[in-house]
Amino acid sequence: MIHVDQDYLKKVIRSIPDWPEKGIIFRDITPVFSDPRALRATMDTFSHRYFDQKIDVIAGIDARGFLIGVTVAYHLNLPFVPIRKKGKLPYKTISEDYDLEYGSATIEIHSDAVQKGNRVIVFDDLIATGGTMLAGAKLVERLGGEVVEMAAIIDLPDLGGSRKIRDAGYDVHALIAYEGH
Ligand code: AMP
């Protein structure tokens, strides 16, 4: 099994204290994309995980989930669909409201993005309270899809999101975890 070097990935990810608000440590994954070794290891790890599973669609959540999701979809020769913040998708959409670690939001998916019975992986960069992933899963399910797993680079277990996702009956997978916020 291919697995990214977690210590290396943690060295590459940048932590920004008190951004965008006091008390939040923002885990900035942009350096992962500018470090070819980290980028390849991260994307290969995800792609390898789903390589021999029956997956029909990869979904990615706005905006960093797009970068991960579309790369994995390309590797696996699968369709990619975006789950976007409200008002960005031009065709017919369905939407879900949810609470964030900081504030609240609405996400949308094109109503033809997932077909009934499709097996879907939902990607985002990070799981905090889990609200974003659960809202994304709800969108997929409202279109008749089945969420096989929710996947992220980072889990913040102390915020309870990954536990909440598991308690709701879903599988969840993250490459690394950080204690605290
Ligand atoms: P949540 O819905 O609380 O699980 O929040 C996850 C979403 O918010 C993801 O799309 C993340 O990109 C973003 N997010 C929340 N907290 C952080 C954080 N500490 N650092 C970076 N992104 C975060």
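Author: Gladly! The buried residues of α5 are Gly 131, Thr 132, Met 133, Leu 134, Ala 135, Gly 136, Ala 137, Leu 139 and Val 140. Please keep in mind that this is a predicted model. Nine of the 12 residues of the helix are buried, so α5 is largely enclosed by the rest of the structure. The cut-off behind that word is a relative accessible area under 20%. The helix covers residues 131-142 and stretches 16 Å from its first C-alpha to its last, close to the 16 Å expected at 1.5 Å a residue. In general, an α-helix has 3.6 residues a turn, so residues three or four places apart point the same way. Just after α5, the chain passes through Gly 144, where phi is positive, at about 95 degrees.

Let us step out to the whole chain. The protein chain has six helices and nine strands. Its radius of gyration is 15 Å, close to the 16 Å from the globule rule for 181 residues, so the chain is as compact as a globular protein of that length. Along the principal axes, the C-alpha atoms fill a box of roughly 40 × 35 × 30 Å. Of the 181 residues, 48% count as buried. Among contacts between residues at least 6 apart in sequence, 60% join residues at least 24 apart. The chain exposes about 9200 Å², and carbon and sulfur atoms supply 49% of that area.

Four aromatic pairs turn up in a search of the whole structure. In one of them, the ring centres of Trp 19 and Phe 26 lie 5.0 Å apart with the planes at 85 degrees, so this pair is edge-to-face. Trp 19 is partly exposed, at 47% relative accessible area, whereas Phe 26 is buried, at 14%. Tyr 50 and Phe 123 also pair edge-to-face, 6.2 Å centre to centre and with 85 degrees between the planes. That pair links distant parts of the chain, 73 residues apart: Tyr 50 belongs to helix α3 (residues 36-50) and Phe 123 to strand β7 (residues 119-127). Tyr 50 is buried, with a relative accessible area of 1%, and Phe 123 is buried too, at 0%. Ring pairs bring Phe 46 together with Tyr 50 and Phe 123 in a cluster.

Two arginines meet rings as well. The charged end of Arg 27 sits over the ring of Tyr 178, 4.0 Å from its centre, while that of Arg 37 sits over the ring of Tyr 8, 3.9 Å from its centre.

Finally, the backbone deserves a look. Trp 19 comes back here: its peptide bond to Pro 20 is cis, with omega near 0 degrees. Pro 20 lies in the loop between β1 (14-17) and β2 (25-28). Asp 18 is found in the loop between β1 and β2, and has a positive phi near 60 degrees although it is not a glycine. Asp 18 is partly exposed, with a relative accessible area of 41%. Another cis peptide bond joins Asp 62 and Ala 63, with omega about -10 degrees; Ala 63 is in the loop between β3 (57-61) and α4 (64-76). In the loop between α4 and β4 (80-85) you will find Asn 77, a non-glycine residue with positive phi near 60 degrees. Asn 77 is exposed, at 72% relative accessible area.

Key. Residues are numbered from 1 along each chain as its sequence is written. This is a predicted model: local features need pLDDT of at least 70, side-chain atom pairs count only at pLDDT 80 or more; totals for chains, interfaces and linings use all residues. Side-chain values use heavy atoms; hydrogens and water are left out. Helices (H or I, at least four residues) and strands (E, at least two) are DSSP runs, numbered from the N terminus. The expected span of a helix is 1.5 Å times one less than its number of residues. Buried means under 20% relative accessible area, exposed over 50%, partly exposed in between (1.4 Å probe, protein chains only). Rings of Phe, Tyr and Trp (its six-membered ring) pair if their centres lie within 6.5 Å; planes under 30 degrees apart count as stacked, over 60 as edge-to-face and the rest as tilted. A charge sits over a ring if NZ of Lys or CZ of Arg is within 6 Å of the ring centre and within 35 degrees of the ring normal. The radius of gyration is taken over C-alpha atoms; the globule rule is 2.2 Å times the number of residues to the power 0.38. Contact means heavy atoms within 4.5 Å. Accessible areas come from the Shrake-Rupley method with a 1.4 Å probe; for residues, only the protein chains shown count as cover.
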